[in-house]
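Thanks for making time this morning.

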Amino acid sequence: MLNMSFSIVIALALLISSSSTNGIEFDYCVADPTLPHGPFGYPCKDPSKVTTDDFSYSGLRKPGNTSNAFKFGPNPAFVTQFPGLNGMDISMVRADIDVGGAVPIHTHRVAELAILIKGTILAGFIDTNNTAFYNTMEEGDMFIFPPTLAHFQVNVGKVPAVAYAAFPSTNPGFQGISSSLFKNDLSAEIIQKITLLDPVQIKKLKAGFGGTN
Ligand SMILES: *[C@@H]1O[C@H](CO)[C@@H](O)[C@H](O)[C@H]1NC(C)=O
Ligand SMILES: *[C@@H]1O[C@H](CO)[C@@H](O)[C@H](O)[C@H]1NC(C)=O
């Protein structure tokens, strides 16, 4: 009986420790990006080689590259760019949106909390009842986008906009609705059937996004 409950405790302990890379055993687990990325992040870098530089990141000083059709420059600080985030379930992105530009409608695996630092944007999301919730944001304003719902930001001001957003994940993912539909190799016929969009428009968008077939 004692043996059995001991086995259960061990099994539970194993379960708990495997569900988070930053668990009871370690203060931190800086990613070793040379090793494979599993569902709970990267394996830890050798602790004797960890330095202060593993816990700071200067990459967000730089604006994202806005030379694209949306005039949107994302600059992520996810675990790949900032290995110190590994196992911490948190990350950030810097978003630069030129005048007249927009963050294309997209989803993530988790919630997003955004703060506008510069400019004026219209931010919003659409829920599963097809209700659009949106508001104009001025500098210092925040917006929370619920997990998995399609959301967007449009620069409605007269200057380039800069926002930062935090995610409760080191790798929140970014699934653009338009790129999902038009950057793949599904035939235009199938896309017509699953969207009811005009075939001519589908072909045009496939060419624009780099899809095939
Ligand atoms: C920005 O992106 C464009 C288009 O992909 C590319 O041609 C250009 O070199 C990039 N600029 C910088 C500074 O990376
Ligand atoms: C769903 O949307 C409709 C309008 O399209 C609205 O009347 C209804 O109250 C909404 N339901 C919920 C649960 O939000």
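Predicted model: local features only at pLDDT ≥ 70, side-chain atom pairs only at ≥ 80, totals over all residues.

The protein chain exposes about 12900 Å², and carbon and sulfur atoms supply 62% of that area, where accessible areas come from the Shrake-Rupley method with a 1.4 Å probe and, for residues, only the protein chains shown count as cover. Residues are numbered from 1 along each chain as its sequence is written, chains are lettered from A and ligands numbered from 1 in the order in which they are written, and side-chain values use heavy atoms, with hydrogens and water left out.

Of the 213 residues in the protein chain, 35% count as buried; buried here means under 20% relative accessible area, exposed means over 50%, and partly exposed lies in between, with a 1.4 Å probe and protein chains only. The chain has 4 helices and 10 strands, taken as DSSP runs numbered from the N terminus (helices H or I, at least four residues; strands E, at least two). Along the sequence the pattern reads α-β-β-β-β-β-β-β-β-β-β-α-α-α. If we take contacts (heavy atoms within 4.5 Å) with a separation of 6 or more, residues 24 or more positions apart account for 64% of them.

Let me turn to the cysteines. By the rule that a disulfide is a pair of cysteine sulfur atoms within 2.5 Å, the count comes to 1 disulfide, and it joins C29 to C44 with an S to S distance of 2.1 Å. C29 and C44 both sit in the loop between α1 (2-18) and β1 (72-77), 15 residues apart, and the pair links distant parts of the chain. The link of C29 and C44 is left-handed, with -110 degrees about the S-S bond.

Now to the charges. Side chains of opposite charge can pair when their charged atoms come close. How many salt bridges does the structure hold? There are 3 salt bridges, each being a side-chain nitrogen of Lys or Arg within 4 Å of a carboxyl oxygen of Asp or Glu.

In one of them, D96 pairs with R94, the closest N and O atoms being 2.8 Å apart; D96 is buried at 8% relative accessible area, and R94 is buried at 10%. K45 forms a salt bridge with D54 at 3.0 Å between the closest N and O atoms, with K45 partly exposed at 23% and D54 buried at 12%. K49 forms a salt bridge with D46, where the closest N and O atoms are 3.7 Å apart; K49 is exposed at 56%, and D46 is partly exposed at 36%.

I will finish with D127, which is found in the loop between β5 (121-126) and β6 (132-137). D127 is buried yet has no salt bridge, and the nearest side chain of opposite charge, R109, is 22 Å away, counting Lys and Arg as positive and Asp and Glu as negative, with His and the chain ends not counted. What does D127 touch, leaving aside residues up to four places away in sequence? D127 touches F133 and L149.
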